[in-house]
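Work through the exercises below with the structure open. Each task is followed by a solution in steps.

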Amino acid sequence: MNTGNSTFTIPLGPVHVALEEPVYFRLTVEGETIRDVNLTSGHVHRGMEAMAMQRNLLQNATLVERVCSLCSNSHSFTYCMAVENVTGLVIPPRARFLRSLAEEIKRVASHLFNTAIQAHIIGFKSLFMHTMEVREMMQDVKETVYGNRMNLGQNCIGGVKCDLTPELFTYILGMLEKVEPAVEELREVFATNSMVVGRTKGLGLLPKEDALRLGVVGPVARGSGINVDVRKASPYAAYPDLKFNVITNDGCCAYSRTRVRLDEIFESISMIRQCCRMTPDGPTKAYLPQITVNEACARTEAPRGEVFYFIRTDGTDVPQRLKWRVPSYMNWEALGVMMRDCKVADVALITNSIDPCVSCTER
Amino acid sequence: MTDTLLGILHMSIFPGGVFALALGFFFKGLDRRLEARLQRRVGPPLIQPWLDAAKLLTKETMIPKTACRQAFLLAPVFGFTGMAVCAAFIPIAGVYNGLFNMGDLLVIFYLLPIPAMAIMLGGSASSSPFGAIGFSREMLMMLAYETPLLMILLSVAMLVGKGLAGGEWGAEFSLLKIVAWQQENGSLGLNPSMIPAFIAYLIFLPGTMGVPPFDIPEAETEIIEGPLLEYGGPLLALFQITSALKTFVVLGLGVALFFPGVISAWWPINLLWFILKCLVLMVVSLTLVKSATGRFRIDQAFRFYITVPVALALCSLILVWVM
């Protein structure tokens with residue numbers, strides 16, 4: 001075969017069935033094997049950082065929650081933490097627990113969504129439907145407790161908006177009783193089903209050294225055996241009081257990332273339970289003090305990894321600069337390593353394995 | 001003259017043409033409905049394939065500027081014609097003997113890959129890179145599933161040939177005689193030496209129909225329908241019609257090869273019995289498989305086809321040879 005000019009280019013995206021959000025891959029392929037990946041993004045740039053600098057601090061809490069849908073809560077969470085840091089505001093203990101509760105509920109739903117999409121990309125429609133059905137229970141929890149399915153609107157500067165009644169705590173615990181065995185079943189399927197394992201095991205390898213070099217975060221890093229979790233490294237909100245393990249897996253492949261996500265769901269379920277039992281009584285909000293000239297940052301562990309917020313204030317209620325770094329920005333770079341000499345069939349699968357959030361990254 | 005007219009009638013009304021299309025669409029509708037029920041969805045109404053085709057037929061035909069116009073237009077017609085002719089060759093035991101009483105296995109073996117070739121032709125003519133990938137995948141898949149099919153057909157032909165020749169070596173390729181022989185000597189699907197071949201045929205079905213786990217050439221989440229990507233309107237409807245005809249052909253062929261028994265002397269009962277058998281075959285080999293699996297990668301599928309069904313069919317072939 002003439003290898004001189006046997007490659008051709010395939011456009012993948014910006015609109016593609018397997019991609020939940022627009023991003024454009026230009027793949028140079030030789031037969032079915034990828035030789036080069038060229039990534040172009042910017043289709044959902046909305047100028048959010050510029051918008052944030054024209055709105056006041058309170059309005060921005062609403063704005064940043066709309067950066068992305070699946071980790072919307074993490075954005076408002078981290079933003080509020082940054083504003084609290086810049087003003088030296090300390091939130092009441094009840095608010096700390098309620099914030100962690102909302103965050104973990106979102107994390108369960110987000111991880112289930114990602115695993116469902118993986119099944120969809122493999123073409124396993126029944127498994128996709130089943131996973132989404134389990135996720136739907138978490139959506140019901142969100143809707144019942146917070147009134148919304150995606151943007152919870154729970155975090156506000158100084159605390160939380162929605163105070164949970166004892167009945168709601170009981171309801172959440174009751175739903176977890178249903179969710180936990182269902183996820184247990186899913187974990188079994190994703191770990192043992194020959195079709196899923198055959199398609200994902202050993203796929204999209206990201207060796208530990210590369211993972212460290214590229215600074216990947218979240219389940220991608222933990223799937224490469226790196227013990228990194230902001231909740232443990234610099235505990236915030238209620239995490240110092242909650243007991244949980246950081247899940248890692250040494251597989252370094254798409255399969256191990258899925259395992260990490262599914263295992264993390266159990267840690268999250270355990271944390272939701274702890275929050276439901278341990279949340280102290282008391283106020284849920286603290287008042288915002290005078291804004292001074294200052295700068296601060298905050299970071300949290302979103303479902304996809306570390307979210308970092310930087311804020312600088314000039315004494316007015318409009319921030320002089322608001323800047324954030326999202327986990328997908330770090331994880332994108334790893335795609336180049338993961339897609340080295342992979343097959344066309346696996347591009348979507350590998351992309352999904354880093355759980356990309358394009359609108360976060362481009363904002 | 002009457003023969004020609006009769007032939008045209010068989011290809012256009014019964015059992016090819018209208019009848020095969022109605023049955024094929026019915027099977028497809030039921031398949032979608034059953035799959036939905038298995039996934040706890042409601043699913044589309046049974047007439048959905050008709051509605052889809054009807055809607056597509058009213059739409060405009062779009063041809064990409066860079067496409068090879070003639071081949072692009074011809075491909076769906078080519079596939080449709082192949083299947084319409086092939087449908088007329090399928091005997092329905094106790095009802096219909098196959099076109100001109102021929103129903104030759106070799107003719108069917110040559111006609112069966114035509115829809116896949118049409119997809120390949122259309123895909124490469126569309127000038128889309130996804131079409132090109134779909135082309136190479138379809139080609140590999142064809143090589144993979146046609147090999148066991150040939151061996152299955154050979155083992156059936158040899159078994160019946162031996163039976164007809166009174167134990168001497170022989171091969172019988174007339175589907176009509178194969179059906180007649182089975183009606184006297186029992187269905188081949190129940191013959192111990194043919195059970196591996198029957199299982200191989202069940203494995204062949206999802207491959208040739210391009211349903212999961214073998215929907216690789218048209219993988220939606222990988223190459224967005226591949227060769228069919230650029231097709232729309234009446235041309236796409238023609239591909240769907242071809243696929244419905246093919247459903248009828250492969251299921252009908254399976255029934256004729258392995259379970260052609262009749263239960264009555266009255267033809268409408270036999271026709272219903274045939275449809276029922278086709279349905280069971282479809283549920284077992286397409287619907288259930290489809291809802292219990294994901295999609296193979298092309299290399300995995302190829303390896304699977306040239307090992308499992310080939311081994312099974314070879315098993316039957318050897319058993320027929322030695323017994």
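**Exercise 1. Determine the strand order of the sheet in chain A, and find which strands stand at its edges.**

Solution. The model is a predicted one.
Step 1: the open sheet consists of three strands of chain A, in the order β6-β7-β8. Their pairing is antiparallel.
Step 2: β6 (293–302) and β8 (319–325) of chain A each have a single partner strand, so one side of each lacks a neighbour in the sheet and these two are the edges.
Step 3: on average, and ignoring direction, neighbouring strands are turned by 10 degrees against each other.

**Exercise 2. Describe the pairing of β6(A) with β7(A), and name the bridge partner of R299(A).**

Solution. 
Step 1: strand β7 of chain A covers residues 305–314 and pairs with β6(A) in the antiparallel sense.
Step 2: the pairing runs over ten bridges.
Step 3: R299(A) has F308(A) in β7(A) as its bridge partner.

**Exercise 3. Describe the contact between chains A and B from the side of chain B.**

Solution. 
Step 1: chain A contributes 26 residues to the contact and chain B contributes 24 residues.
Step 2: on the chain B side, at least two residues each come from α7 (129–164), α10 (220–223), α12 (267–292) and α13 (298–322).
Step 3: α10(B) gives the most, with four residues.
Step 4: by type, the chain B side has ten nonpolar, seven polar and seven charged residues.

**Exercise 4. Are α6(B) and α7(B) roughly parallel or antiparallel, and which residues meet?**

Solution. 
Step 1: α6 of chain B (residues 114–125) packs against α7(B) at an angle of about 160 degrees, and the axes are 8 Å apart.
Step 2: angles over 145 degrees count as roughly antiparallel. The two helices, α6(B) and α7(B), are therefore roughly antiparallel to each other.
Step 3: the crossing of α6(B) past α7(B) is left-handed.
Step 4: residues of α6(B) in the contact include A116(B), I119(B) and M120(B), and those of α7(B) include F135(B), M139(B) and M142(B).
Step 5: the residues of this contact divide into seven nonpolar, four polar and one charged.

Key: Residues are numbered from 1 along each chain as its sequence is written. Chains are lettered from A and ligands numbered from 1 in the order in which they are written. This is a predicted model: local features need pLDDT of at least 70, side-chain atom pairs count only at pLDDT 80 or more; totals for chains, interfaces and linings use all residues. Two strands pair if DSSP finds at least two bridges between them. Axes are lines fitted to C-alpha atoms, for helices over the stretch in contact, and angles run from 0 to 180 degrees between N-to-C directions. Two residues are in contact if their C-beta atoms, placed from the backbone, lie within 7 Å. Ala, Val, Leu, Ile, Met, Phe, Trp, Tyr, Cys and Pro count as nonpolar, Asp, Glu, Lys and Arg as charged, and the others, Gly among them, as polar. Angles under 35 degrees count as roughly parallel, over 145 as roughly antiparallel, 65 to 115 as roughly perpendicular and the rest as oblique. A crossing is left-handed if the near helix is turned anticlockwise from the far one by less than a right angle, and right-handed if clockwise.
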